[in-house]
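Student: Could you take me through this model, beginning with the chain as a whole and then turning to its helix packing?

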Amino acid sequence: MRPRALDRPWVRRTGVLLLDAALVSASLALAFWLRFDGAIPSAFVPVLLASVPLAAVAKIAIFLALRVDRLSWKHVGVDELVLIFVACVAGSVVFALAALALRELGAFGAFPRSVLGIDFPIAFLAVGGVRLSRRLADRIAKRSGRRESPSERRAVIVGAGNAGAQLVR
């Protein structure tokens, strides 16, 4: 039985937004880690720490504007993944513009541009993958619950009336 608080839409959307913020933050940290082959130089650690909140705010604002937080996880399909892709592109563009503007103003010192190119696919795969995981889990559960013997085959009987009903039995 689910707790009653989870039935409230704003609680669910807040949880989804917090999850998205964590995924976006982790994708940026992973992008930095990959850019520097697993050893982020100490000069870039403050840049990473300053850019994580900026990335989260920029991307979550775009997710809210495009209503990504309201997507059904149970029925996610190609249309929803396209919307997530568009949201990730727009969010990455907004973040890139803000990060590069702050770099020019001297707030970041040196922000590696290659991180922006690494961050986008990781963020898309993380956000899209989490949304798709619910449907994948349902599909796996449905298949594991249905144990067909090798001799059983599905059939559709059309227009046979009572004779068809007897055949099924």
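Student: What percentage of the 169 residues of the protein chain count as buried?

Tutor: This is a predicted model, in which local features need pLDDT of at least 70 and side-chain atom pairs count only at pLDDT 80 or more, while totals for chains, interfaces and linings use all residues. Residues are numbered from 1 along each chain as its sequence is written, and side-chain values use heavy atoms, with hydrogens and water left out. Buried here means under 20% relative accessible area, with a 1.4 Å probe and protein chains only. By that cut-off, the share of the 169 residues that count as buried is 30%.

Student: How many helices and strands does the protein chain have?

Tutor: Helices are DSSP runs of H or I with at least four residues, and strands are runs of E with at least two, numbered from the N terminus. From the N terminus on, the elements run α-α-α-α-α. The count for the protein chain is therefore 5 helices and 0 strands.

Student: Is Asp 20 buried or exposed?

Tutor: Asp 20 lies in helix α1, which spans residues 9–35. Leaving aside residues up to four places away in sequence, Asp 20 touches Ile 60, Phe 63, Val 127 and Arg 131, where contact means heavy atoms within 4.5 Å. Because its relative accessibility is 0%, Asp 20 counts as buried.

Student: How do the residues of the contact of α1 with α2 divide into nonpolar, polar and charged, and what are the numbers?

Tutor: Residues of α1 including Leu 17, Asp 20 and Phe 32 meet residues of α2 including Val 47, Lys 59 and Phe 63. Ala, Val, Leu, Ile, Met, Phe, Trp, Tyr, Cys and Pro count as nonpolar, Asp, Glu, Lys and Arg as charged, and the others, Gly among them, as polar. The residues of this contact divide into 14 nonpolar, 2 polar and 2 charged.

Key:
Buried < 20%, exposed > 50% of the residue type's maximum accessible area, 1.4 Å probe, protein only.
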